[in-house]
Amino acid sequence: GVGSHPPAVISLAHVQLRENHFLKDLLPALAACKSTEGPKTLDLSGCALTDTGVQQMVAALATGALPALTELRLKDNAQLTPVSDAMLKGLAMIRKTVTVVR
């Protein structure tokens with residue numbers, strides 16, 4: 001019924017995610033979301049993400065997770081290196097409708 005739609009924005013901004021929590025709990029849930037009514041924005045700003053987390057998230061998004069996603073926010077993740085930037089550039093080629101905010 002009404003209200004059963006998932007939120008349009010998932011914000012975990014400034015939640016200090018432990019890497020293993022992100023990879024074991026959050027990422028599989030996001031990867032499993034194949035609904036076109038899924039979130040449009042995923043905000044992981046200031047979440048202490050690492051390249052490993054970004055790599056696995058990019059892999060999930062590249063294989064069709066979160067099909068409604070139009071914005072991925074990754075600001076203030078100081079541990080990310082040019083490796084993540086390269087992966088995100090690759091994602092932009094595959095998912096042209098997703099804007100990455102770094």
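At what angle do the axes of helix α1 and helix α2 cross? I looked this up in the model, which is predicted. The axes of α1 (residues 19–32) and α2 (residues 51–62) come within 10 Å and cross at roughly 10°. Angles under 35 degrees count as roughly parallel, so I noted α1 and α2 as roughly parallel to each other.

Next I listed who makes this contact. On the α1 side I found Glu19, Phe22, Leu23, Leu27 and Ala31. On the α2 side I found Thr52, Gly53, Gln56, Met57 and Ala60. By class, six of the contact residues are nonpolar, three are polar and one is charged.

Then I turned to the largest nonpolar core, which has 24 residues. The members that touch the most other members are Phe22, Leu42, Leu44, Leu49, Met57 and Leu72. I saw that α1, α2 and α3 (82–94) each supply at least two residues of this core.

I picked Leu44 and checked its contacts, leaving out residues up to four places away in sequence. Leu44 touches Leu12, Leu17, Phe22, Leu26, Leu49, Met57, Arg73, Leu74, Lys75 and Asn77.

Last entry: Ser35. Ser35 sits in the loop between α1 and β2 (41–43). Not counting residues up to four places away in sequence, Ser35 touches Pro67 and Ala68. A polar atom of the Ser35 side chain lies 2.9 Å from the backbone nitrogen of Glu37. I also noted that 14 Å separate the C-alpha atoms of Ser35 and Ala60, which are 25 residues apart along the chain.

Terms used:
Residues are numbered from 1 along each chain as its sequence is written. This is a predicted model: local features need pLDDT of at least 70, side-chain atom pairs count only at pLDDT 80 or more; totals for chains, interfaces and linings use all residues. Side-chain values use heavy atoms; hydrogens and water are left out. Axes are lines fitted to C-alpha atoms, for helices over the stretch in contact, and angles run from 0 to 180 degrees between N-to-C directions. Helices (H or I, at least four residues) and strands (E, at least two) are DSSP runs, numbered from the N terminus. Angles under 35 degrees count as roughly parallel, over 145 as roughly antiparallel, 65 to 115 as roughly perpendicular and the rest as oblique. Contact means heavy atoms within 4.5 Å. Ala, Val, Leu, Ile, Met, Phe, Trp, Tyr, Cys and Pro count as nonpolar, Asp, Glu, Lys and Arg as charged, and the others, Gly among them, as polar. A nonpolar core is a set of buried Ala, Val, Leu, Ile, Met, Phe, Trp, Tyr and Cys residues joined through side-chain atoms within 4.5 Å. Buried means under 20% relative accessible area, exposed over 50%, partly exposed in between (1.4 Å probe, protein chains only). A polar contact is a pair of N or O atoms within 3.5 Å; within protein, one must be able to donate a hydrogen and the other to accept it, and residues adjacent in sequence count only if both atoms are side-chain atoms.
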